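Here is a short briefing on the complex below. Look at the structure, then read the points by topic.

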Amino acid sequence: MSNVTTPPMNPNSSPPRKINSHRPTYSRFTQQELPACKPILTPTYVISAFMIVTVVFVPIGLASLFASRHVVEIVNRYDDYCAPYGSRSDKVRFIQSDADKTCNTTITVPKHMKQPIYVYYQLDNFYQNHRRYVKSRSDQQLRNKNYENDTSTCKPEDSVNGTVPIVPCGLVAWSMFNDTFSFSTNNNVKLPITKKGISWKSDRDHKYGKDVFPKNFQNGSLIGGAHLNESIPLSAQEDLIVWMRTAALPTFRKLYGKIEVDLKAGDTINVIMQNNYNTYSFNGKKKLVLSTASWLGGKNNFIGVAYLVIGGLCFVLAMTFTAIYLVKPRRLGDPTYLTWNRSPAGH
Amino acid sequence: MSNLHPQQRPDTFQNSSSQRSISSNSWRASVDFGSKGVRHGSRSGNDSEGFSMSRREINDDDARLVYVNDPLKTNEMFEFAGNSIRTGKYSVITFLPRNLFEQFHRVAYMYFLIIAVLNQLPQLAVFGRGASILPLASVLFVTAVKDAYEDWRRHKSDKIENNRMASVLVNDRFELKKWKDIQVGEVVKISADETIPCDIVLLSTSDPTGVAYVQTINLDGESNLKTRYAKQETLSRIPEKDIISGLIKCEKPNRNIYGFQANMEIDGKRVSLGPSNIILRGCVIKNTDWAVGVAVYAGRETKAMLNNSGAPSKRSRLETHMNQEIMLLSFFLVTLCVVVSACAGVWLRRHQDELDLMPFYRRKDYSEGKVENYNYYGLGMEIFFSFLMSVIVFQIMIPISLYISMELVRVGQAYFMIRDDRMFDASSNTRFQCRALNINEDLGQIKYVFSDKTGTLTENKMEFQFASIAGVDYSGEKTEVYVEQGGYNIQVDGQVWRPKVKVQVDPKLLQLSKTLNDTKSSKEIYDFFLALAACNTIVPIVVNSSNPNEKLIDYQGESPDEQALVYAAAAYGFMLIERTSGHIVIDIQGERQRFNVLGMHEFDSDRKRMSVILGYPDSTVKVFVKGADTSMFKIIDESLNLDVVRATEAHLHSYSSVGLRTLVVGMRALSVSEFDTWQTSYEIASTALMGRAGLLRKVAINLENNLTLLGASAIEDRLQKGVPEAIESLRKANMKVWVLTGDKQETAISIGYSSRLLTSKMSQIVINNNSKMSCKKSLEDALITCKKLIDVTSATDDDASSVALIIDGTSLVYILDTELEEQLFELASKCAVVLCCRVAPLQKAGIVALIKNRTDDMTLAIGDGANDVSMIQMADVGVGISGQEGRQAVMASDFAMGQFRFLVPLLLVHGHWNYQRMAYMILYNFYRNALFVLVLFWYVLYTGFTLTTAITEWSSVLYSIIYTAVPTIVIGILDKDLSRKSLMAYPQLYGSGQRKESYNLKLFWVTMVDTLWQSVVAFFIPVLAYWKSDIDSSSLGDLWTLAVVFMVNIHLAMDVIRWTWLSHASIWGSIIATCICVIIIDAIPVLPGYWAIFILGSSGLFWICLFGILVASMIPRFVVKMFMQHCKPCDIQIAREAEKFRNSMEVTRSGEIEMHR
């Protein structure tokens, strides 16, 4: 595929130099003769390239599919049944009222789930990547208590009455998710949920200050979401840290906690939820997700399928090119293909 | 330039300042110059200025008044510049504002600026302050540093210049003064070998006749000596003792270095001054002990400084096409922005009542007492804002940075062209020069080559070959024996003096010339060689040779023909050894003879001859005339000896048919009364203030008649090395080569054969008419013949079917600028070769315009003399040969080189490479930027149309500065699709540029479709893979950043043909640099994406996504490329394969395809 050509040394490389000669000093660089490798893709290389892709992609695709198949995932949408049936405005009124928002459901485990089982909440149609939203935060303030007043980017949730800064400020923190879930097995044994370590360690250590405590949070007339314990520093408020990692897409999951025991197939789990978070005002959906994880993450067949398709396609292409090369061979560098040889009067 | 005197110079004896302008006007009348003006102080263009000036007295309003030796009075009004020069543009204080001001003249920078300013509005702040200004700032900074460095160097050289010393008359004594302190009106004294500090009018010199010799090499590159004269009225005065006071009235400063018009009032007399009385700044005094003059123009008003302008600026064909595609891209940009803003409008409208409470929108601001809308200005404004914001986000869709990359690439390409060992001319020690930096890639698309003959195809080193004396042809075998003995020499003070150039001689003629006796033929030979030695403007200069006992006589003059004749005369024993304005000394066969030069009529292109009046020692007076055959036979008295005239004519014909340049020499004895008549009329004419040139010409014509024919000389102007091969290569490369020459038809045709422009197989069509009707008829006939010939032979070999058109200047007068042009074009485009003979300089431009205005094909003009300037400027690409005829052509050209044959490597190799590189680079840059924009665009569709970018703002800014900028520039400079050897061996490969194979609208669309596919892959594979996962936007953004950067670099890598270590370093280095940048950005804790890349990098899905994207995105491109390569291989592809598998090349048809090393 590649050979390094060595251009012949220029005979003029060391000419008898006259004084004041303007002759350019000879070097391979200035004469554009640096040693170079000039790969040419011959049919063999082309077919091999396709075959290599096939050989690499198909196993990876199969492995991905296999991994994805082994992931057990339970998705339970609860925003609908946890609110009174009726129009949207009813639901909004309900969620804004002081009524009891406890809600129960049971989930059946379809397959054996190995610990750790990740508990996610999933929001649909929630634009955590909306421009107004992502900009409304102050990373300085979260990190360093001396920057408490650094709230200029946090509007419209920057301060109380325009004077006292809110910590953590901004729409992102203000809209923090505040539904809660607790799980118990059929025989009323509580399933413990670990909430430690659900956020990135780097965030806890460096991004959120150990001496920064919530202040004036959710004190305004409009409550957006969760309240924070003012005696716990931000670096320990893992739910906040998770929430503040804004999601890339309008449908997203966030880690709620981990269940660190295995669940057996057929187990039923009772879930008690506090349905506090208002997604009704914008037709958002809320789902509870329990999922195991594979080396590839959650349940998603796409990568596996995509790799298989690419691998398969390359196999087809390899065959096609083989056919082309066999049916219509062309000697490499065959001068009869040159335009001026094809049409004699082509001058 | 091809006639007797290569240039019509102003430096004449006795102030015949504007003779030459008559001729320039005559061809001005016949051909319109076209729309292009003349740049620089080009001689041809400015001739007409001189012409009008000579007829017009200088108006007081237009004049500058200089009081000689009275700088105070002269500078009373403070209107004249001092002599200090400033080529530096900036000072420390003005640098910043001025440099910025100049930089913002460029559209690209304005675009950056507008975008940056838009971004500063709080409602539109897409990027942070720093990020938004960075691209502009980095570009400004780099340019400013470059400008500052250049300016610093200029300042340094200014300082040296300004502090040079010159002696200036102060209080009647010459004192040393710094150059910068010299004022207009001051009297300056310059000694031998000193440089002139400002433009001065000569007052007196060390020579009693007031002659000063100057070298103008700094001004126009011509190394021969020129003569300048002090006026009779001033030359005897010695400034220290004899106070000169006078008033010089001269024209306002202008850049014409060959023209000067003034008069001087001295002692109540009015004397007119011409260009031969002024010495310009930068010239050097030679062979003259001292010269005194008065400063008339100083500092920036000197002609040298006024001519100090930069290279011409042109825009390349490729760039013009590129701008059309950029318009398309702007259209795409607007479309994207409209889509985004319309969708944003719809989204806002649909969620109108939810906006107040939506946690991610929160229109209402409750924080301060009263509740009001926060950052919401109504639906209409929001749509408008999102349009502007999308313009900011998608700004790099228009690849403005491409202009800057192109400039850098062109600088790199120019560097390689200049450094090319194979375009270095060792004989003149000149490198290739790249004067225009904008049209490198045009060199790869040339279809028509217009070439001058003399000095371009030929060496313009004249060699005396044959002589015909009194009807006897001396064109026998040449002998080298005599040359080896050292040629003719004379003994002076025990030293041997010999001519610098040795000439081969005809032994028979030498024998005859040595044995002078009283026979008639001996006399004729005597007169003939005397005429050759005397009838010229050559100045002999004695120079030392390596041998201390030997001195060489160097004949300095402006016309190579004259030099050749004088050297020839010297070789036959008629050695010119001294010339002053009053007499000449000729050593005739060892005997010194002194002749008085009583008068001289310079060459002008209207008379096409020159004459000199010699007073013999025995006080007889004879006039010798030398000129072109056409003009000489008219004034020769045929009745004297008809046989001789006929025989000479026959000899002339045979000389010119072997490509020699011929001159005819004649003579007449003047009686005393004739001489007196001439002298009076000459004096009247030469002191006339109005129409001096015309009067002098009339005097000359009256004198030059009834001549006795002495003989004719034949001078060979040899073809330059490699010209036939070069022309063959150019023709093989499907370029049409036209030769435009001032020579006679026979000479032109014979040169045509010897340069392989014409072959014996070709059919020739000759058009040679002198009326419009006959021109029309012969054009029509020619068209019919031509069609027939092509029809008959179209199937057979190419050379037989090709037709050569030979047309002369007289016919062209009736064709150009009339309706016949169309027919000529039709005819010429069918002909493989066109030879135009006897054409005037402006006709050359007219011929170029004929093609340029009618086709889309690129034209190139190449020439070396002042008469080629108009043609060089008219053509798309102008190439100047820096040869014997000064620097006029070079000054007007875009590229300059030493030899015609360098045109082949220039076009076939560098032109080809430049075109391929630039074409690819433009397409690649379109792709690179559009890919990034599209990825951003797809994401915007998932953010409620709110212009959020998952890719961090720093990455989007650095994308075109660091992540992807370097490889495209490096590849644009270094990549070579084919080796020099193949390109030279198969000139046909040049066709890819002529056919616009590497850049066209189709390729643009293909690239855009490919871009679309790649962006879809890059965006949607991660989206679908991470759908419904807990991926955060920073991580996904990092994935996209890396994916896109890897993709564009691998895309480039797929197209790189020659992998040198530099290509490797730039491509893989960019990828590494990107990774480092992303890591650095993600290591800043105050950015939202802190540590994302590390978390991401530890997950398998990321790597699988990245790998999948890279493979999937490249598959269609790879498939199409491989398919085309196999099934529809282009010439370049095949040649590349042949280069690689060389063995397979030998089996082919011989002759046509062989690799010669």
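Residues 66-132 of chain B are 46% helix and 3% strand. An unreviewed UniProt entry annotates residues 66-132 of chain B as "domain: P-type ATPase N-terminal". The model is a predicted one.

**Interface between the chains**

- In chain B, 118 residues are in contact with 115 residues of chain A.
- Together, chain B and chain A bury about 10,000 Å². Carbon and sulfur atoms account for 59% of that area.
- Six salt bridges are counted between chain B and chain A.
- A salt bridge joins the side chains of A:Lys38 and B:Glu1139, at 3.7 Å from N to O.

**Nonpolar patch on chain B**

- Which residues form a nonpolar patch on the surface? They are B:Trp1068, B:Ile1072, B:Ile1076, B:Ile1080 and B:Ile1084.
- Together these residues have about 460 Å² of accessible area.
- B:Ile1080 sits in helix H36 of chain B, which spans residues 1061-1081.
- The relative accessible area of B:Ile1080 is 49%, so this residue is partly exposed. The cut-off for exposed is over 50%.

**A glycine in chain A**

- A:Gly312 belongs to helix H8 of chain A, residues 302-327.
- A:Gly312 counts as partly exposed because its relative accessibility is 29%. Buried would require under 20%.
- How far apart are A:Gly312 and A:Phe217 in sequence and in space? They are separated by 95 residues in sequence and by 55 Å in space, C-alpha to C-alpha.

Note on methods: Residues numbered from 1 in each chain as written. Chains lettered and ligands numbered in written order. Predicted model: local features only at pLDDT ≥ 70, side-chain atom pairs only at ≥ 80, totals over all residues. Heavy atoms only, no water. UniProt positions renumbered as here; feature names shortened; annotations may be inferred. Helix = DSSP H or I, 4+ residues; strand = E, 2+ residues; numbered from the N terminus. Buried < 20%, exposed > 50% of the residue type's maximum accessible area, 1.4 Å probe, protein only. Patch = residues over 30% accessible without salt bridge, like charges linked within 9 Å, V, L, I, M, F, W, Y side chains within 5 Å. Areas by Shrake-Rupley, 256 points an atom, 1.4 Å probe, with all protein chains shown as cover. Salt bridge = Lys/Arg side-chain N within 4 Å of Asp/Glu carboxyl O. Contact = heavy atoms within 4.5 Å. Buried area = accessible area lost by both parts, 1.4 Å probe.
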